[in-house]
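Colleague: I would like to learn how to read the contacts of aromatic rings in a model, going slowly from one case to the next. Could we begin with a single residue and build up from there?

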Amino acid sequence: MITEKIATHLEKIYTSKQDLDQANQLFTDLLEKYATKEFTENPAIDQSNAYLITYGDSFQNGNEKGLKVLREVVQTYLDDSITDVHLLPMFPFTSDDGFSVTDYLTINRALGDWDDIKKLAQKKRLMYDFVANHMSAKSEWFKKFLNNDIGFEQSFVEYQEEFDTTNVTRPRTSPLFHEYSTDKGEKKKVWTTFSDDQVDVNPKDPIMLARLSEVLLEYTFRGASSIRLDAIGFLWKDSGTTCMHLPKTHEIVKMWRTLLNHFSPNTQIITETNVPHKENISYLGDGHNEANQVYQFPLPPLVLFSFIQENTQKLAEWASTIHALSDEATFFNFLASHDGIGMRPVEGILDDTERETIVERVLNNQGKVSYKSNPDGSQTVYELNINYGDALRSSEDTDQLAAKKLIAAHNILLSFVGVPAIYYHSIFGSRGDLQGVEESGINRRINRQKIETKQLATELDIDSYRKTVYEGITRLLKERQNYEAFSPYGEQEVLHLDEQVFALKRTAKDGSEIISLTNVTGTEKIVEGLNGINVLTQTEVDNNFRLAPYGIAWIKVGEQQ
């Protein structure tokens, strides 16, 4: 019974009998409310699945609503290569390009409405962004909290003098608490992990946890095949701790998995935790009971480092430790996103000097660096803000060479165990928006520029960089769908053939194999000891296979023409 399963989770979340009794009643009511609703049945994911990461208004065409334009772009350019669309927050907001949500269940009017979402969902599976840790300081929920409205008295995390924040992990340098005025002119001091416009919700309040859980169910009911839990690691706060990845945060994710398994099996819960690898993969639980996918955060900096150094040793060593945990748990693989290239995930993988090598490349290529505050008062690099294709470039690279690098980097992404996700600026070969950073003062704007569809159509014809990148990546996406060896739950094995060639063997359940090769250097490499067919060119591979500068290959082992 689902009621008993949820009650078991709640017993681990609430220690107070009063809170537990209230939570059980609230969730019993919630389950009854959704018991009669018909949820969409989602098929299991396989090697055909690939996500496009985009805002609802990343593409523009005059005064047309963003979601309508997005649907047209996907149908025109990505219909047979992309199966899933990750819609970054599509709700009304006040800052942070959507991540200060004012209303979880209303579509931003500039984008369209729920009918536009429904039309997009008829063509593609959709991932909704659930900004579960915080809301806008101008949201109605927060206003009700400030004014002590019934049911909202404890909905956000208020300052308590006895609460020890000494060890709190911060991703920002801004103050942890900010003061807000009530209608009566009184002040409330509230926890703000990310900014003064992003106030942290309080799941210790059973009413708020039930309210958040209803948002999750409503997203699924309204067409979400995947739900991204933004910044979920910060959700629960306990005095004296880091307030990161606490057991009750994990228990809430497990409870949400139980809810979705009941109402809409195969809906993917994807946790976003930009932290060192061991902490990140803890959200996969035992492989069956927590997140379905976790963001593969070390991949972007390690792939970039491999191309900068023209050496794959660090990437190969780390990749050798990565395996699908079960037939239900895997990785959300990406190179670029709306945020920057996180540097915390490579702590313990790259040393200080190696990380500084990446920082220097980004700064030399006109990128930006964002910092975080540490408990001891120091600051360290949190993320690097740059277009991923720009980060890969050397000063002497032509556009054609730079395009080959970006395609080669995505070959590693598409070969890795898990599900690939490609940012809209990467698949369409965009460059960094330096003007956007200068005008806004926001580092992340360097990779968030909106694309005019008429300009895109023209440049895909006349701009060799855009055209080469788009055709190269979409070709790989389409070809990838044909090989079960690329299953998100399949095995992977790093082959140590040459430190300048990343070689990854993927194996299907039926035993069929694909060996993916990526040359991370500007010189031809000879790879020895392989035999089969390069399925990307349909040519035979012998014992001395020549791999062009930044060349790629998928070798079907044992096959001959």
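Predicted model: local features only at pLDDT ≥ 70, side-chain atom pairs only at ≥ 80, totals over all residues.

Colleague: How is a pair of aromatic rings described?

Modeller: In general, one gives the distance of the centres and the angle of the planes. Here the count comes to 34 aromatic pairs. In one of them, Tyr77 and Tyr470 have ring centres 6.1 Å apart and planes at 90°, so this pair is edge-to-face.

Colleague: What kind of pair do Trp114 and Tyr128 form?

Modeller: Theirs is a tilted pair, with 6.0 Å from centre to centre and 55° between the planes. Because Trp114 lies in helix α4 (residues 114-121) and Tyr128 in strand β4 (residues 125-130), the pair ties together parts that are 14 residues apart in sequence. Both Trp114 and Tyr128 are buried, and both belong to one aromatic cluster, whose members also include Phe91, Tyr104, Phe130 and Phe152.

Colleague: Which charged end sits over the ring of Phe152?

Modeller: That of Arg211, which is placed 3.8 Å from the centre of the Phe152 ring. A further case is Lys189, whose charged end sits over the ring of Tyr159 at 4.4 Å from its centre.

Definitions and conventions:
Residues numbered from 1 in each chain as written. Heavy atoms only, no water. Phe/Tyr/Trp six-rings, centres within 6.5 Å; stacked < 30°, edge-to-face > 60°. Helix = DSSP H or I, 4+ residues; strand = E, 2+ residues; numbered from the N terminus. Buried < 20%, exposed > 50% of the residue type's maximum accessible area, 1.4 Å probe, protein only. Lys NZ or Arg CZ within 6 Å of the ring centre and 35° of its normal.
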